[in-house]
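Keep the structure open beside you as you read.

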There are 4 protein chains.
Amino acid sequence: MDAMMMNAMTEDMMSMEGMPALDMTMMQACMDACAACEQACTVCSTQMMDCSVSCMNCADMCNTMMRAMMRMQGMTPASMMAMLDACIAMCQTCMDMCMMHADESPVCKMCADSCRACMDACMAMKDALAG
Amino acid sequence: MDAMMMNAMTEDMMSMEGMPALDMTMMQACMDACAACEQACTVCSTQMMDCSVSCMNCADMCNTMMRAMMRMQGMTPASMMAMLDACIAMCQTCMDMCMMHADESPVCKMCADSCRACMDACMAMKDALAG
Amino acid sequence: MDAMMMNAMTEDMMSMEGMPALDMTMMQACMDACAACEQACTVCSTQMMDCSVSCMNCADMCNTMMRAMMRMQGMTPASMMAMLDACIAMCQTCMDMCMMHADESPVCKMCADSCRACMDACMAMKDALAG
Amino acid sequence: MDAMMMNAMTEDMMSMEGMPALDMTMMQACMDACAACEQACTVCSTQMMDCSVSCMNCADMCNTMMRAMMRMQGMTPASMMAMLDACIAMCQTCMDMCMMHADESPVCKMCADSCRACMDACMAMKDALAG
């Protein structure tokens, strides 16, 4: 995302009660990881393998998580924490399913990697929010 | 939703390890509450009031929650719990914002009522999952 | 949707340049048909049949169409027409796929019926917009 | 998106009746433009300006368009054309609204630029599909 967009989001967050000033580089990384995970899951879901339904669920949650981070003035620290936990749980579920056939399907391998990266980025956000 | 669809979902759930057999009437009520909340939030978000951004966030989460319940074979008990918590948190945030001007805006009042109903339905689901 | 919500949407539309006053009963019917079609497609997509990917696409488009109708102040007559055409095309594609195995899968039969109902409702909206 | 994902999508398309072999670089560019436009619109919608509702509508359509391109085996040439027309129409509407206050709001200026880029990418796809 453009630096100007990031500035607009930073200003939003500064006006939020009880919200710690989050590092925008980390936040940008988390939004990017969500977007990449949504895309990997969307492609992976079309393979009609055991993981497909987990992938659909994870794609939707990653998109919702990304959008929520782009609309921080509509969030509270508590709702951010709950959303991050849910996103992590969905990525975990999808990754577990994709890893079962990662050897035979390179797309599943890549989807699992995207889920792992998204989980890591969400955990970093949680640490920052917890202060 | 049609009874046939519900049967298809029931069969999916029965095949899930560690997932308690959920009462489909309660589950249907939760999906309906999510759908109604997404719609109320979508209309409320267009009013350009203080609650608009919370409404956008809540609409997305309610849709993602509803879809996840319709795709239960891609869920685990743990991911369901985390998603329900996140949906409850988003409804709480949106309801709190809408209640601030519920007196002047009947649409906000109704949006807050939809959020409350969605929270209650999600909490009932949590209780059932905790068994 | 609640009558109050519908009133809010009616007022929005009246303020739109070049937008004919649409019958709210018809519009409500179209939003309901979109919501029902999104739900049927979401369940049908989990069956891992030939239609699954068409169902995923159709579910997303029906949700986007429903939301656009709930946010009419962000639409123009031209963008409404194009959206309705796209929604009809996606329902047609999904219905065609589901009908191929409607005999063996009652869920596909119901999904196809939902697609047909959504197409009909969108066509009625197009006729009304064309005046 | 990863090269491996692109290969998976290319194979899908080759199996589609009546679908011309699309240049994957162009298709990747269109998916990227849709993703960028969804993000710009999502941020822009939070500003509570005249364009906000158009931005919400455009964000949803760009996401739906991107996903449909990632799930091409669920598309037909006709449904692709209709979707591209709808996406172009939504970007046009959003761009027109944002341009009205592009001088006072740099975020709106950037959102309008993203809409323009998305329209251009969709038009290139249309030309390729028309052969």
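Buried area is the accessible area, found with a 1.4 Å probe, that two parts lose on being put together, summed over both. Please keep in mind that this is a predicted model. With that in hand, let us begin with chains D and A, where about 2300 Å² is buried between the two.

**Chain D against chain A**

- Carbon and sulfur atoms give 68% of the area buried between chain D and chain A.
- On the chain D side, the residues that lose the most area to chain A are D:M5, D:Q39 and D:R67, and together they account for 26% of what that side buries.
- Chain D puts 26 residues into the contact, and chain A puts in 26 residues.
- Chain D can be superposed on chain A by a rotation of 180 degrees with 0.0 Å of shift along the axis, giving an RMSD of 0.0 Å.
- This is the relation of a two-fold axis.
- If you want to find that axis from chain D, look for D:A35, whose C-alpha is the nearest to it in that chain, at 4.1 Å.
- Both copies use the same surface here, as 100% of the contact residues of chain D recur in chain A.

**Chain C against chain A**

- Chain C also superposes on chain A through a rotation of 180 degrees, with 0.0 Å of shift along the axis and an RMSD of 0.0 Å.
- In chain C, the C-alpha nearest this axis belongs to C:M48, and it lies 2.8 Å away.
- Once again the same surface serves both copies, with 100% of the contact residues of chain C recurring in chain A.

**Helices α4 and α5 in chain D**

- Helix α4 (residues 77–99) and helix α5 (residues 106–130) of chain D have axes that come within 8 Å and cross at roughly 160 degrees.
- Because of that angle, α4(D) counts as roughly antiparallel to α5(D).
- The crossing of α4(D) past α5(D) is left-handed.
- The residues of this contact comprise 21 nonpolar, one polar and three charged.

**Helices α2 and α5 in chain B**

- In chain B, helix α2 (residues 24–44) packs on helix α5 (residues 106–130) at an angle of about 155 degrees, with the axes 8 Å apart.
- That angle makes α2(B) roughly antiparallel to α5(B).
- α2(B) passes α5(B) in a left-handed crossing.
- Among the contact residues are B:C30, B:C34 and B:C37 of α2(B), along with B:C111, B:C115 and B:C118 of α5(B).
- The contact residues of α2(B) with α5(B) divide into 23 nonpolar, one polar and no charged.

Note on methods:
Residues numbered from 1 in each chain as written. Chains lettered and ligands numbered in written order. Predicted model: local features only at pLDDT ≥ 70, side-chain atom pairs only at ≥ 80, totals over all residues. Heavy atoms only, no water. Least-squares fit on C-alpha atoms with pLDDT ≥ 70 in both. Contact = heavy atoms within 4.5 Å. Axes fitted to C-alpha atoms, helices over the stretch in contact; angles between N-to-C directions. Helix = DSSP H or I, 4+ residues; strand = E, 2+ residues; numbered from the N terminus. Parallel < 35°, antiparallel > 145°, perpendicular 65-115°, else oblique. Left-handed = near helix turned anticlockwise from the far one by under 90°. Nonpolar A, V, L, I, M, F, W, Y, C, P; charged D, E, K, R; others polar.
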